[in-house]
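User: Please walk me through this model in plain words. I'd like to take it one question at a time.

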Amino acid sequence: MDKNDHLMEAAISVFRSAAKILVFTGAGMSTESGIPDFRSPGGIWSKYDPSDFLYQKFISNETSREKYWKMSSEYYETMKNALPSSGHLAIKALEDMGRLLAVVTQNIDNLHQKAGTSLDKIIEIHGTAFSVSCLGCGKKYDRDLIEGRLRSAAIKVPACDACFGILKPDTISFGQAMPQGKVEESLRLARECDLCLVLGSSLVVYPAASIPVYAVEQGARLIIINRDETPLDGSADLVIHESVGVALPKIVESL
Ligand SMILES: [Zn+2]
């Protein structure tokens with residue numbers, strides 16, 4: 001057996017003793033479904049300047065909103081066509097075994113839903129790209145409806161039907177606070193879980209990354225599966241530097 005085989009054996013044994021697994025997912029999961037990481041070379045931020053997309057700029061000027069919708073529509077099209085990876089499906093299999101407490105995801109791509117994970121077990125702490133809300137009256141829209149308007153008419157910046165207010169996809173932008181309710185729910189789950197499983201997250205984006213930190217403080221075990229090192233590797237019971245879609249199905253199939 002090589003080092004990785006030993007790690008996998010050890011991981012399987014931790015999983016077998018875990019009844020309430022809190023899964024925390026990041027961009028590495030999305031890239032395995034063909035969605036480029038914002039921060040990687042070739043990702044959105046090598047094409048656009050992130051400072052153009054600050055929340056304050058979005059709400060304060062029309063030109064920023066126009067740039068935002070152009071960038072965002074392009075990215076949305078990729079996400080809409082993406083399919084769940086073997087990693088997403090392995091998480092769904094954990095749910096079917098009755099071991100999944102919840103999935104807290106930093107991703108906005110709807111892929112956990114597409115994999116069949118129950119909606120009430122998914123917490124999208126950075127929001128979702130699949131709906132749009134009015135910042136004035138709160139009216140919600142399906143993203144496809146708004147994208148249809150952007151394509152068919154000479155509209156570059158959509159407005160609310162009810163109040164002509166500013167529309168924005170339901171994702172958390174730079175400079176925008178995470179929704180308090182979702183943060184509280186994630187922390188409650190971090191207290192309740194017996195295993196926190198970090199998948200495809202570099203754990204550098206705060207406050208999201210504080211959720212696994214908190215789970216460990218509250219006594220949960222921690223397993224990290226990520227291609228690269230993370231700042232939390234030293235706090236983990238096990239770290240597997242491998243793609244999620246390769247490592248996780250092997251573990252789940254052995255339970
Ligand atoms: Zn409105």
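**Rings, helices and sheets**

User: How many aromatic pairs does the count come to?
Analyst: First, this is a predicted model: local features need pLDDT of at least 70, side-chain atom pairs count only at pLDDT 80 or more, and totals for chains, interfaces and linings use all residues. Residues are numbered from 1 along each chain as its sequence is written, and side-chain values use heavy atoms, leaving out hydrogens and water. Rings of Phe, Tyr and Trp (its six-membered ring) pair if their centres lie within 6.5 Å; planes under 30 degrees apart are stacked, over 60 edge-to-face, and the rest tilted. By that rule, the count is 4.

User: How is the aromatic pair of Tyr 68 and Trp 69 arranged?
Analyst: The two ring centres sit 6.3 Å apart, with 80 degrees between the planes. Planes over 60 degrees apart get their own label, so the Tyr 68 and Trp 69 pair is edge-to-face.

User: Is Trp 69 buried or exposed?
Analyst: Buried means under 20% relative accessible area, exposed means over 50%, and partly exposed is in between (1.4 Å probe, protein chains only). Trp 69 has 1% relative accessibility, so Trp 69 is buried.

User: Which strand holds Phe 130, the partner of Tyr 76?
Analyst: Helices (H or I, at least four residues) and strands (E, at least two) are DSSP runs numbered from the N terminus. Tyr 76 and Phe 130 make an edge-to-face pair, 5.2 Å centre to centre and 65 degrees between the planes. The pair links distant parts of the chain, 54 residues apart: Tyr 76 is in helix H5, and Phe 130 is in strand S4.

User: How far apart are the end C-alpha atoms of helix H5?
Analyst: The expected span of a helix is 1.5 Å times one less than its number of residues. H5 (residues 62-81) has 20 residues, so it should span 28 Å, and the model agrees, since the end C-alpha atoms are apart by 29 Å.

User: How many residues of strand S2 are buried?
Analyst: S2 pairs in the parallel sense with strand S1 (residues 21-25) over 5 bridges, and with strand S3 (residues 122-124) over 3 bridges. S2 (residues 100-105) is largely enclosed by the rest of the structure, because its buried residues number 6 of the 6.

User: How far apart in space are Ile 211 and Phe 24?
Analyst: Ile 211 is in helix H10 (residues 210-217), and at 2% relative accessibility it counts as buried. Contact means heavy atoms within 4.5 Å, and Ile 211 touches residues including Leu 22, Phe 24 and Val 104, not counting those up to four places away in sequence. Ile 211 and Phe 24 are 187 residues apart in sequence, yet C-alpha to C-alpha in space they are apart by 8.3 Å.

Note on methods: Two strands pair if DSSP finds at least two bridges between them.
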